[in-house]
Amino acid sequence: MQERNHSHLAEQLQTPSFELNCLEHPLFEQLPNYRKVLFLIDELDLFDSLAIIDLLSQNKIETSIYVKTDRQQGEILNHIQHITHNNINYVSSFENDEVETLLNEQMIGTRIFISGPWEMIQQIKEIAGTVGFTDEEIHYNGSGETNDKVYCVKCYSYNKSQNTNEIRCEHCNTVLDVSKHFSKRLDAHLGYIQVK
C-alpha cells in the first residue's frame with residue numbers, strides 16, 4: 001500500500017501542470033545562476049514545496065532542507081529523502097539563534113526558500129536580513145492569515161489589510177489606494193490618498 005501511494009505521489013509531482021505552476025515561481029527566474037538553495041519549511045506546507053525541490057534536484061542545484069516537524073516518518077518525508085539524496089534535516093522549531101547560526105554558515109550565493117505560516121516567514125526574513133541576505137535572495141510561500149497592514153499616509157496610522165486595492169482608513173476615514181509597494185521600515189503596504 002505505501003509503495004503504491006509513493007508512486008502516486010511521484011506521478012503527481014511530474015504532471016505538466018504541477019511543474020508549470022512551479023516554474024512560474026520567482027525562484028526560477030535566474031535558476032542557472034544558483035549555487036545552493038536552503039529550504040526552511042513547516043511540515044504542514046511541505047507538499048507545496050515538493051515540485052520546487054524536485055526541479056532543483058533535476059537541475060543539479062545543491063539543496064539543504066530543514067523541516068519543522070514533530071515526526072520523522074511519512075510518505076512525503078520519505079519521498080523528499082529520496083529526491084534529495086537524504087539531504088534533509090528535521091528540527092522541532094526555528095528558534096532565532098539556531099536560524100541565525102544556520103544562515104551565517106551559508107556560502108555566498110545561497111538562496112533561501114521559506115514555506116510556512118506568515119509569522120514564521122516574517123521571523124526568518126528578519127533574521128536573514130540582519131545576517132546579510134538581500135530581498136532578492138529570500139523567497140517564500142506563505143500559508144494561513146497574513147498580518148498585512150496598510151499604512152495611511154494622511155494620518156500615519158496602520159489599518160488591517162483587506163486584500164483589495166482600495167480601503168477606507170479606520171482612523172481618519174480617508175479612502176486609500178493600496179500600493180503594491182511594501183515598506184520594510186514601516187512593515188506595511190503604503191496607502192495613498194485616493195484622488196478622483
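The structure is a predicted model, in which local features need pLDDT of at least 70 and side-chain atom pairs count only at pLDDT 80 or more, while totals for chains, interfaces and linings use all residues. Residues are numbered from 1 along each chain as its sequence is written, and side-chain values use heavy atoms, with hydrogens and water left out.

**Overall architecture**

- The chain contains 6 helices and 10 strands; these are DSSP runs numbered from the N terminus, helices being H or I with at least four residues and strands being E with at least two.
- Of its 196 residues, 42% count as buried; buried means under 20% relative accessible area, exposed means over 50%, and partly exposed lies in between, with a 1.4 Å probe and protein chains only.
- The chain exposes about 11,700 Å², and carbon and sulfur atoms supply 46% of that area; accessible areas come from the Shrake-Rupley method with a 1.4 Å probe, and for residues only the protein chains shown count as cover.
- Among contacts between residues at least 6 apart in sequence, 61% join residues at least 24 apart; a contact means heavy atoms within 4.5 Å.

**Salt bridges**

- The structure holds 2 salt bridges, a salt bridge being a side-chain nitrogen of Lys or Arg within 4 Å of a carboxyl oxygen of Asp or Glu.
- In one of them, the side chains of Lys68 and Asp42 meet at 3.6 Å, N to O. Lys68 belongs to strand β2 (residues 62-68) and Asp42 to strand β1 (residues 36-42), so this pair ties together parts that are 26 residues apart in sequence.
- Lys68 is partly exposed at 29% relative accessibility, whereas Asp42 is buried at 8%.
- Lys149 forms a salt bridge with Asp187, and their closest N and O atoms are 3.5 Å apart. This pair links distant parts of the chain, with Lys149 in strand β6 (residues 149-152) and Asp187 in the loop between β9 and β10 (188-193), 38 residues apart.
- Lys149 is partly exposed, with a relative accessible area of 27%, and Asp187 also counts as partly exposed, at 29%.

**Negative patch and its surroundings**

- Glu95, Asp97, Glu98 and Glu100 gather in a surface patch of negative charge. Patches are made of residues with over 30% relative accessible area and no salt bridge; like charges are joined within 9 Å, and nonpolar side chains (Val, Leu, Ile, Met, Phe, Trp, Tyr) within 5 Å.
- For charges, Lys and Arg count as positive and Asp and Glu as negative, while His and the chain ends are not counted. The place of a charge is taken as NZ of Lys, CZ of Arg, CG of Asp or CD of Glu.
- Glu95 lies in the loop between β3 (88-91) and α5 (96-104) and is partly exposed, with a relative accessible area of 45%.
- Gln123, in helix α6 (residues 118-131), is in contact with Phe94, Glu95 and Asn96, leaving aside its neighbours within four places in sequence.
- Gln123 is partly exposed at 25% relative accessible area. The C-alpha atoms of Gln123 and Val99 are separated by 9.7 Å, although these residues are 24 apart along the chain.

**Other residues in helices and strands**

- Asp48 is placed in helix α3 (residues 46-58) and is partly exposed, with a relative accessible area of 46%.
- Asp48 and Asn141 are 93 residues apart in sequence, and their C-alpha atoms are 8.3 Å apart in space.
- Ser179 is part of strand β9 (residues 175-183) and counts as buried, at 16% relative accessibility.
- Not counting residues up to four places away in sequence, Ser179 touches His189, Leu190 and Tyr192.

**Loop residues with positive phi**

- Lys60 is not a glycine, yet has a positive phi of about 60°. Lys60 lies in the loop between α3 and β2 and is exposed, with a relative accessible area of 76%.
- Asn173, also a residue other than glycine, has a positive phi near 65°. Asn173 is found in the loop between β8 (166-168) and β9.
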